[in-house]
Structure formats: C-alpha cells, structure tokens
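Work through the exercises below with the sequence and the structure at hand. Each task is followed by a worked solution.

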Amino acid sequence: MSQRKRSKGVGSSQVTDGDEDFIPTQQARYSPDQVNQKANELVQFLLVKDQKKIPIKRADMLKNVIREYRDAYTEIAGQAGRILQETFGLRLVEID
C-alpha cells in the first residue's frame with residue numbers, strides 16, 4: 001500500500017496555484033470497454049483457480065490479469081465480483 005507523508009501542526013494546508021501534475025482518474029484513463037474486458041478476464045482467472053482449489057492472492061490477480069490497469073483494481077474487482085455473484089452464485093471476498 002502506498003504511504004503518504006502527513007504534515008503536522010497549524011497551517012499545514014497550503015494553497016497551490018495549480019502547477020502540480022495532473023493525475024488522470026481511472027474513468028478518464030480507461031474506457032468502460034477496457035474495464036469490462038479486464039473484469040471478464042479476472043472472472044475466468046478466478047474460476048480456474050477456484051476449480052483447481054488453488055488459493056487466490058491479490059498479487060497473483062495483479063500480476064497475471066490486471067497488469068497495467070493497477071489503478072483501476074477496485075473497479076475491476078468489484079465488477080468481477082458482481083459477475084460472479086449474478087452468474088455463478090459465488091461471492092468474491094477479501095480475507096486477511
């Protein structure tokens with residue numbers, strides 16, 4: 001997980017004049033078709049792993065399926081969870 005540095009004390013918030021780099025959001029970066037494609041690929045990956053009774057790790061999903069779509073992971077995993085629930089009656093849950 002990423003860690004952010006927090007500044008402490010009074011007046012810690014600063015006003016900028018907008019010169020910071022613009023970071024595009026996942027909606028602007030990936031089309032819905034691209035997200036749907038990755039969600040479908042993730043569903044296939046999860047079904048194969050489940051059938052073989054192999055534990056599924058988030059790192060494996062990111063490495064083997066999602067790859068360059070890392071910043072859209074939550075959206076892709078949520079959509080894949082909905083597909084699994086509606087189609088196969090399976091729930092996708094994260095455990096520690």
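A residue is buried under 20% relative accessible area, exposed over 50% and partly exposed in between (1.4 Å probe, protein chains only). The model is predicted: local features need pLDDT of at least 70, side-chain atom pairs count only at pLDDT 80 or more, and totals for chains, interfaces and linings use all residues. Residues are numbered from 1 along each chain as its sequence is written, and side-chain values use heavy atoms, with hydrogens and water left out.

**Exercise 1.** Classify K53 as buried or exposed, and locate it.

Solution. K53 lies in the loop between α2 and α3. Its relative accessibility is 68%, so K53 counts as exposed. K53 is not a glycine, yet its phi is positive, near 60°.

**Exercise 2.** Describe how the axes of α2 and α3 cross.

Solution. Helices are DSSP runs (H or I, at least four residues) numbered from the N terminus. The axes of α2 (residues 32-51) and α3 (residues 58-66) come within 10 Å and cross at roughly 125°. Axes are lines fitted to C-alpha atoms over the stretch in contact, with angles from 0 to 180 degrees between N-to-C directions. Contact means heavy atoms within 4.5 Å. On the α2 side it is made by K38, E41, L42, F45 and L46, and on the α3 side by D60, M61, N64, V65 and I66.

Key
Helix = DSSP H or I, 4+ residues; strand = E, 2+ residues; numbered from the N terminus.
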